[in-house]
Amino acid sequence: MTTLISCIGDTDPIRNRHDGALLHLVRIFRPSKILLIYSERALSKENNILLALNSIDGYNPMIEKSDEVISDSEVFIFDKMYEVLNGIISKYSKEDEDLILNLSSGTPQMKSALFTINRLKDINVKAYQVVTPSHSSNEGIKHDNNLDIDYLISTNLDNRDDFEKRILEDKAEKFQQTLIKRTMKDLLNSFDYESLYNLSTGQHRVMSKTKTRKLNSSLQDLTEAVKYQKLLKVVSQTKYSEKEKKLINSYLIILLQANRELVSEVLIRSKNIGEYACELYLEKNYPDLILWDKGRPYLNSINYPDIEDKLLNNEDIHYRKEQYLNIHFYIQILKELNENKELIENLLKLSGYNQQRNKVAHGLSEIPSSQVKVQKIVNLCYQVIGKCIDLKEDWSKFYDQFNNDISIILDE
């Protein structure tokens, strides 16, 4: 069912021997239902409106009157008009009706509110403006509200088969593009790249095909890296080793989670980064120290019996023979090897968050915001990585540069 929703303006129902906007749209579309929204002042012409609508030959619509009559003191307040009209349209859109909005009847605030709703609501709506019979301003043309309605209907020049259709569909493409771009920038600034990608690949194009492809390619790459832990193209194209690339890529993922204030994700991933960095460091400097069993590392006690003895006798870390290594054991191993003190210090700080991390990972517990500062954790991760890899780029600025590049595309 098609429903036309219309406010009532001074030009309705007939002016200067032609249809007003409401009557003209009804004459053209012949909707099954008409919903009329009156202000207090417009109520005085309710009878004339009904007679004019029912005068269309061979047409018998269902005509409804909105329950809410708008106060004359509020018809010039945009926020109020938006609230009232949005509520009405939302109600009818839930009834799975095809809606037509009249953008040419009522006060400017009513028209603007309907225009905005049409652009913002993702519902099955079409909106139309009605051009004046002179195709110019109505200024200076008198209203016919005081004339007899039967006379106005009988002398209406649009009341014939060959009447001129004077409608313009409101598509407002520039407005919509501006609105979508603003939304895209909001998503970009909140680091919500997946939502930005979904919006960019949607049905509304706001840029050229070339720019859209460039944007979507970058966003898809980043979105899939986060979802599936894939290597970002910018990382895969570097000259680092495969393990170094994985570590940098994992850092970029945790950095994104920190930018989005996803505290639990940062906590869980930070320990993994610390352990992987230790494995990489020890493999580079002590290739025979770590052995692997089903993908998990343990100490080569044959080659390093002294270190194993030290671990076994350390009551603080509870190490057992042939136990898989974790961040606490790595720290002790690095200490026994008299390795980089700054690396050990940063690993100790990182492992200090392990209690909160275990509460999240194993206990599904709430995290007190005062106890966890995600940017501090991410900075520690980067400092640890910097001791294990010869970083030639400042990966900590990755998203600043990424967002800047995307902003340039959106602004062009």
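Tryptophan 395 and phenylalanine 398 are both buried, where buried denotes under 20% relative accessible area, exposed over 50% and partly exposed the range in between (1.4 Å probe, protein chains only). The model is predicted: local features require pLDDT of at least 70 and side-chain atom pairs count only at pLDDT 80 or more, whereas totals for chains, interfaces and linings use all residues. Residues are numbered from 1 along each chain as its sequence is written, and side-chain values use heavy atoms, with hydrogens and water left out.

A pair of aromatic rings is described by the distance of the centres and the angle of the planes. Rings of Phe, Tyr and Trp (its six-membered ring) are paired if their centres lie within 6.5 Å, with planes under 30 degrees apart termed stacked, over 60 edge-to-face and the rest tilted. The count by this rule is ten aromatic pairs. One of them joins phenylalanine 78 to tyrosine 82 in a tilted arrangement, 6.2 Å centre to centre with 35° between the planes. These two residues are four apart in helix 3 (residues 78–93), and are therefore separated by about one helical turn; helices are DSSP runs (H or I, at least four residues) numbered from the N terminus. Phenylalanine 78, at 32% relative accessibility, is partly exposed, as is tyrosine 82 at 24%. Tryptophan 395 and phenylalanine 398 likewise form a tilted pair, at 6.5 Å centre to centre and 35° between the planes. Ring pairs connect Phe191, Tyr193, Trp395, Phe398, Tyr399 and Phe402 in a cluster.

Nonpolar cores were defined as sets of buried Ala, Val, Leu, Ile, Met, Phe, Trp, Tyr and Cys residues joined through side-chain atoms within 4.5 Å. The largest comprises 73 residues, and Tyr251 and Leu282 have the most contacts inside it. Helix 16 (residues 374–388) supplies the largest share of this core, nine residues. With contact taken as heavy atoms within 4.5 Å, and residues up to four places away in sequence not counted, tyrosine 251 touches Ile273, Val378, Cys381, Tyr382, Ile385, Trp395 and Ser396. Another core, of 23 residues, lies apart from the largest one and includes Ile14, Ala21, Ala52 and Ile149.

In helix 14 (residues 341–351), the buried residues are Leu343, Ile344, Asn346, Leu347, Leu350 and Ser351. Viewed down the helix axis, they fall within an arc of 165° and so line one face of helix 14, the arc being that of the directions from the axis to the C-beta atoms.
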